[in-house]
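These are my notebook entries on a structure that is new to me.

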Amino acid sequence: MAKFLSIFDFFSKNRRNKILNDEDEKELFVERYRAFREILKNNHQVLMTMGDMQEKAGGAYLFDKAYIRSSNSTLLSGIEKIIGQLNLLSDNRYTGLMVSFQKCMAGIQHLLESRISIPQTGCTKDLKKITKGDIASAGGKIANLGELASALDLPIPPGFVITTWAYKSFIAFNQIQDILVDEIKRLDIRNYDALRATTDKIQKKILNSTIPPELENEILDAYRAICHVTGQDQLKVAVRSSAIHEDIRASFAGQYISALNVTADEILDEYKSVITSQFSPRAIFYFKDKKFNIENMSMAVGVLAMVDADVSGIMYSRDPAKPDEHYSLISAVWGLGEYAVGGVVSADYCSVLTENGGINISLECGDQKVMMVTNPEGGTDEVEVPRDKIGTPCLDNDQIKDLAAIAEKIEDHFGFPQDIEWSIDKKKRIYLLQSRPLRIASPALRSGMKIPTAVKGQTILINKGKVVCRGVGAGNVHIVRSEEDMANFPDGGILVIRHSHPEFAVLLKKATAVISDVGTPLGHLATVARENNVPAIFNTENATKILVNGMKVTVDAVYANVYKGSVDELLRQGKKEDDFSSSPVVKQLREILKVITPLNLTDPRSPSFNPSGCKTLHDITRFSHEMAMQEMFDLTKDSNFSERSARRLVAEFPLQWWVIDLEDGIEGGSRGKTVKIDQIVSIPMHALWEGMIAVPWKGPPPVDTKGFLSAMLKASMDPSIDPAVSKRFADRNYILVARNFCNISARLGFHFSTTETFIDEEENQNYISFVFTGGGADDGRKSRRVKLLSRLLERFDFRVTVRSHTVFARIEGYKPAFMKERLKVLGHIIIHTRQLDMVMYNDKMVDWYYKEIEKDILSFFS
Amino acid sequence: MTDKHDKIEDLIIPLSDYPHMPYWGTLREAIAQLNVTYETGHHTVLVFDEGYKLVGMLSRRNILKGLVPKIADQYSEGIPIFWDALLESGTEKQLALPIKDFMSKVKSSMDSKDSLLKAAYILLEENTVVLPVMEAEKVIGVVRMDDIFHEITNVVLKL
């Protein structure tokens, strides 16, 4: 709790809005309660959106820039609402948040508008030196192909890429960038004729442009280099598009052209043709429809030695129909692979099952009549399949085995099933031409595909919980229960906690994985875990009991299992980076998330816990949520209600309460002078009440406030009690109820408590906030009573802060059932610990009462 | 001997150091309280109301009476007493009763300026071992028979 107002501070505080008379105060309160509710709701929405964006940024999912824009605007509008409502709730005390908000917004806007930066590289690059990290310069297709050679040493044709930087130089040299952008921006893509006309115009312009001499030289030099490598002077090549957006599958697949068997003289023209294909009507329609930034249009082009193919085809490293089994599918045709891809001819199909080291092939021969071959003069021809080949399988068993092994190797490397193009030349050498992620129905299954749900032969310690951040990590268990445990947290440790409190965020830089007994998948700690990419499983229920400090475990935050010891099989799989990770859109989302998700305001006690300390949108939500709860709490203290708006609670109970209905809290509205407990339909109120009456109260009978006041003043032992406190004795005890909300104050003698709680289905909105203060005994006894209270509250999962003789306790973010149980506990504690200060002779009495009350609570607490 | 030594002032045990309870506390709680304070030599619980007004005192004698009324009856009738009997004779019920049912009334109190001899006199007169000390209608502490006796014997030995 950030503000440690002593009870005396806030009792003597001038009430805000004193201009309003009592009768208006209920209206004011109802209005503010609604603002408060909206804050909780929006806070939940905002955290959900953040969680979703983080998940996407993990690289395992498919999305486009339109997604970034729409989720970003959802986020911004949610936060703007939160700030507005918080200021409504607090009489504009947090207008400073707008400054932080605008800064964040400007930062995000800048990133959204910025071009996907095209790295300044050479104009060409050798294919074998390219890795999957080179998407921005080599495009997706070529980057993945390069990866096969550079990382896996798999055979690909010699070749090079003409980079996006080369494209940029080409456009700049011809000074056509502005024309392209203007034309496309003005274009109404719904008007097909206009679309056609504009794209025609643009394509002509590009085809008529001149390749800068330096670029031309560089391309031809690179070409000569591959001629040299292959030992062929007049090497024919394939010229393939490789756009930087192409890796985002649903998008541009098949929209850009490739040219086959290109001669040396044609390379430059084909280069222009290929980049022109970026401006086809279909591509432009898609680009604009998805709101990609036009300035970001760019294309790399791969130039690969043409494989003189005997057999070609495609293969899937996994059968999409049976993703959990180790089947791969291969289709093969005679000649060039274009016919296999296009499904023009009847190809051979084989399904290969690799299991336990063995291999099982089932082959279905096609009936291929014609095939595509290279023309020695350039280009391709369709010819008849030679008679001796008709009816014979394109591949022998060894070749099938080799291909299946390659497919498996590639899938292992990328961590996803792959769709691979290959050719086998006349000398029976296999070449890979392309590899891209294979779309399999459930995206959630994909990256976990290779990890069995439970690794055989390993001891599972925990097998339930909710995966909050996917991944695998191993290390030694370090259970954190206190600040001291936090201080001693070792680098690489497995953080094991009872609750997912945001304070633990500071440990996520060191932790290898996080496990919690209870926790909120959408809470702050979850967001930070995803931010830091720390595998996390929450809601395991009893990890803190099962695991012991120093124990070595492997956390599989894919299937929510925790294994004893180090499970290498999982760790190997866990290291794979997801396949979209290096795509520019994913990178851009990650950049934007840097302004959104980091949490700087982890500790409300820190002096920087203020509006200007909010550096990210997450900070703003955290701060606003915290302040909203405090403001709501303070508001009830400062309020006064007229006779008309309050009804006396009729119940067998030694305290008198007046009930105010804020919203749907009382059955049948708020007419009448009294209200029975059964008429109150507030969910949290009932839970609290159950606890209050679970064990009969043995304290003094109700005292009329007047008599009570005089007794108190006469007997006051504590000269520090502010005169303003006495005023509060004359005040009534109020209960403010709504269907999901309840604020209840209980004052008796020298003892005050206020409980405020909100309980709804969305756990992220739920909280219980509790303050207890006062006491008539000496300071030693009062402190010991505070100690008793703190221990009890902590025992039942509250987070407790003590300041002088005041206890602040909070619990938040759990499911309704859990929250209701805790309210029941609190109800019991409220009733049975007040006035106990008198008996707190020494610490042994604290122990004694702790055990007694704990026993009582456990007796009604299942 | 100075005047000061005539007074009980130095012998007062402040209220904060002395066991006390609200009147609705149970016999069981009172036993817990005295169990904890045994070593300090405090054998009586002061009983207050919610306004911290002194309403009674609970001595060991009161507690034993409250704890074992039946046994006391049986003993007078010549029936032997066993632990089992103590636990079976409705003691649980007795333990849950409030101490206001067992405490004795406070008949007298002292002022911190009162003399040792006055205290000794009242202790004898009231047949009690503890006396509350008041200041402006508030209990500030107690004086005990043990301390008064010790102080008086010191004086006597110096004669």
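**Entry 1: two helices of chain B.** In which hand of crossing, left-handed or right-handed, does H1(B) pass H2(B)? I note before answering that the model is predicted. I found that the crossing of H1(B) past H2(B) is left-handed. Helix H1 of chain B covers residues 27–37 and helix H2 of chain B covers residues 60–67; I read that their axes come within 11 Å and cross at roughly 140°. I therefore recorded H1(B) as oblique to H2(B). I then listed the residues in contact: H1(B) contributes B:Leu27, B:Ala30, B:Ile31 and B:Leu34, while H2(B) contributes B:Arg60, B:Ile63, B:Gly66 and B:Leu67. Sorted by class, this contact has six nonpolar residues, one polar and one charged.

**Entry 2: H3 and H4 of chain A.** I turned next to helix H3 (residues 65–89) and helix H4 (residues 96–113) of chain A, whose axes come within 11 Å and cross at roughly 175°. On the side of H3(A), I noted among the contact residues A:Ile68, A:Leu76, A:Ile79 and A:Ile83. Those of H4(A) include A:Leu97, A:Phe101, A:Met105 and A:Leu112. By class I have eleven nonpolar, one polar and three charged residues in the contact of H3(A) with H4(A).

**Entry 3: H6 and H11 of chain A.** At what angle do the axes of helix H6 and helix H11 of chain A cross? I found roughly 95°, with the axes of H6 (residues 164–173) and H11 (residues 267–276) coming within 12 Å. H6(A) is therefore roughly perpendicular to H11(A). A:Ala166, A:Tyr167 and A:Phe170 of H6(A) make the contact with A:Tyr271, A:Lys272 and A:Ile275 of H11(A). I counted five of these residues as nonpolar, none as polar and one as charged.

Entry 4: How many cavities of 30 Å³ or more does the structure hold? I recorded twelve. The largest cavity has a volume of about 230 Å³. It is lined by 16 residues, and I noted A:Thr520, A:Gly523, A:His524, A:Glu812 and A:Gly813 as the closest to its centre. By class, the lining of the largest cavity has four nonpolar, nine polar and three charged residues. I also looked up which helices take part: H2 (22–60), H17 (524–532) and H21 (617–638) of chain A each supply at least two residues of this lining.

Note on methods:
Residues numbered from 1 in each chain as written. Chains lettered and ligands numbered in written order. Predicted model: local features only at pLDDT ≥ 70, side-chain atom pairs only at ≥ 80, totals over all residues. Heavy atoms only, no water. 1 Å grid on protein atoms, 1.4 Å probe; cavity = no way out; pocket = protein on both sides within 12 Å on 5 of 7 lines; lining within 4 Å. Points joined across faces, edges and corners; volume = space filled by probe spheres on them. Helix = DSSP H or I, 4+ residues; strand = E, 2+ residues; numbered from the N terminus. Nonpolar A, V, L, I, M, F, W, Y, C, P; charged D, E, K, R; others polar. Axes fitted to C-alpha atoms, helices over the stretch in contact; angles between N-to-C directions. Parallel < 35°, antiparallel > 145°, perpendicular 65-115°, else oblique. Left-handed = near helix turned anticlockwise from the far one by under 90°. Contact = heavy atoms within 4.5 Å.
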